[in-house]
Amino acid sequence: MQTLTHASFLALALVLCCLGAIHAQPQRGLPPPRSNSFDANAVILKQNFDLNPDGSYQYNYETSNGIRADEAGYLKNPGTQVEAQVMQGSYSYTGPDGVVYTITYIADENGYRAEGAHIPTPPPVRAAGAPGRFFK
């Protein structure tokens, strides 16, 4: 009977060690905000969402830590072969360096395109058949 108790104890110890190892694994993704940080205590100051009968919509929100976003969307050319959902808007936030970053974007039948003063742009491409001439 003592052997069974000893085996049960070893099994329990093994299970607890495995659970401890799993719990100790580093978490993936973004770390949670520090509890004393401005972001951890952010609250929503303003939030609106309007959905129209035709499916178009508009939303915006603003938080106490300076995050702002707005977007509008609609269905372009409804009922045709070239029907496409269009969404465009912007968002801004304050980076760790204290600079306010703003992104404006559009997503439509041509894909997603974003612009912002801090987003790098590719160099111009040389036009085919025109040595020394570039186009954007």
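Tyr112 sits in strand β6, which covers residues 111-115; strands here are DSSP runs of E with at least two residues, helices are runs of H or I with at least four, and both are numbered from the N terminus. The model is a predicted one, so to speak of local features a pLDDT of at least 70 is needed, side-chain atom pairs count only at pLDDT 80 or more, and totals for chains, interfaces and linings use all residues. Residues are numbered from 1 along each chain as its sequence is written, and side-chain values use heavy atoms, with hydrogens and water left out.

Is Tyr112 buried or exposed? Tyr112 counts as exposed because its relative accessible area is 52%, and the cut-offs are under 20% for buried, over 50% for exposed and partly exposed in between, with a 1.4 Å probe and protein chains only. Together with Tyr91 and Tyr93, Tyr112 makes a nonpolar surface patch of about 300 Å². Such a patch takes residues with over 30% relative accessible area and no salt bridge, joining nonpolar side chains (Val, Leu, Ile, Met, Phe, Trp, Tyr) within 5 Å and like charges within 9 Å. A salt bridge, in turn, is a side-chain nitrogen of Lys or Arg within 4 Å of a carboxyl oxygen of Asp or Glu.

Now for the sheet. Six strands line up in the order β1-β2-β3-β4-β5-β6 as an open sheet with antiparallel pairing. At the edges are β1 (44-51) and β6, each of which pairs on one side only. Two strands pair if DSSP finds at least two bridges between them.

Strands β1 and β2 (residues 57-63) run antiparallel and are joined by seven bridges, and Gln47 has Tyr61 in β2 as its bridge partner. Five residues lie between these two strands in their hairpin, where Gly55 takes a positive phi near 95°. Between β2 and β3, also antiparallel, there are six bridges, with Gln58 opposite Ala72 in β3. That hairpin has four residues between its strands, and Gly66 in the turn shows a positive phi of about 95°. Next along, β3 (residues 68-76) and β4 (residues 84-94) pair in the antiparallel sense over nine bridges; Gly73 has Met87 in β4 as its bridge partner.

Zooming out, the protein chain holds one helix and eight strands, in the pattern α-β-β-β-β-β-β-β-β along the sequence. Of its 136 residues, 16% count as buried.

Technical notes. Accessible areas come from the Shrake-Rupley method with a 1.4 Å probe; for residues, only the protein chains shown count as cover.
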